[in-house]
Amino acid sequence: MIHLFTNADGNQTEGIGAIAQCQIHTYTLSKLFGINYASTKFKNLQHYQEYDTQENFCNDVTNFFNFPNQINPPTDAVVFDHINDDFIRFVEENKKSDDEIYVELKNLDLMKFADANANKWESIISELSDRVTIDESKKYFDDNKLNISLHITNFIEGRDNDRSESREQFVQGNKKEQYYLNLLQKFDRIFNERNKSLFVGKEYHIYSRSQTPGDLSQFESFTKLGLPIKFHIDEHPLISLYHLIHSDVKVLSNSSFSYISAIYGDGLSIARDTFHHKIPENVIYSDYDGNFDESILSFEEN
């Protein structure tokens, strides 16, 4: 009997999303191959600094996702770097063995495999997303309103290490700021024109971080729109992730954190057409100016 796992170790450089997505797709891979899954505790994550100790932060992340069959990585695990013919042959030859065999798969190929097989694992994800929860006292969405969320990533000196252009990060006054502003104005027009009887109202939520905790000055352009926006700046990332998952509409950044909110959530996602990974359902792709097929964005009465 094979138990497949990948080590949830951020190596002091990776955040919640990058490590969690590999756990998720080790699980989907195990289901597709008909073998058991095992999880390990999160450790050595980045972006914990302003919230808690490293140990407490990682324990909170472990409890938040609640991945099944948690183990301590065995020292005698069979290790594979890639999802290749050797890995597949070993799995097929040993999946019915009476022995307890732990197989550690490195994360080198996991997201590539997930993207190539998105249509096969989309139905599996609910088994994991149903395990996510937070304390009732930390939930704040008004279920009688349409909750529209924007996840806005920006580079924070001293806490981030990825300046790659593909992340298309927000900077006050840049084109990515205008992208979000355009989308907010589109949403307001669309939801004012349609489905007026469906919702008591709508509420916008902006999730982001600041260089100086609590500083909203870089989001001044959003406040000038005159929309009902609630800012969740420097909020604990697990609280933000929970609400992004449960948003009716969410605008994604090119990030793993956004990716998890899209594949775990039932709501509609708006992603740039440069988004890194495949989202199998409930997604609309936009160009860099925030243009998309608006006819898709509608809600029907039950």
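Residues are numbered from 1 along each chain as its sequence is written. In this predicted model, local features need pLDDT of at least 70 and side-chain atom pairs count only at pLDDT 80 or more, while totals for chains, interfaces and linings use all residues.

**Exercise 1.** Determine how helix α1 and helix α10 pack, and which residues make the contact.

*Solution.* Start with the elements, residues 16-33 for α1 and residues 256-264 for α10, where helices are DSSP runs (H or I, at least four residues). Their axes, which are lines fitted to C-alpha atoms over the stretch in contact, lie 8 Å apart at an angle of about 40°. That makes α1 oblique to α10, because angles under 35 degrees count as roughly parallel, over 145 as roughly antiparallel, 65 to 115 as roughly perpendicular and the rest as oblique. Next, list the contact (heavy atoms within 4.5 Å): α1 supplies G17, A18, A20, Q21, I24 and H25, and α10 supplies S256, F257, Y259, I260, I263 and Y264. Finally, sort these residues by class, which gives 8 nonpolar, 4 polar and no charged.

**Exercise 2.** Describe the lining of the second largest pocket, and state which element gives the most to it.

*Solution.* Of the 18 lining residues, those closest to the pocket's centre are S129, I263, Y264, G265 and D266, where lining residues have an atom within 4 Å of a grid point. Two or more residues come from each of α6 (126-129) and α10, and α10 gives the most, with 3 residues. By class, the lining divides into 9 nonpolar, 5 polar and 4 charged.

Definitions and conventions:
Side-chain values use heavy atoms; hydrogens and water are left out. Axes are lines fitted to C-alpha atoms, for helices over the stretch in contact, and angles run from 0 to 180 degrees between N-to-C directions. Ala, Val, Leu, Ile, Met, Phe, Trp, Tyr, Cys and Pro count as nonpolar, Asp, Glu, Lys and Arg as charged, and the others, Gly among them, as polar. On a 1 Å grid over the protein atoms alone, a cavity is a set of points where a 1.4 Å probe fits but cannot get out, and a pocket is an open set with protein on both sides within 12 Å along at least five of seven lines; lining residues have an atom within 4 Å of a point.
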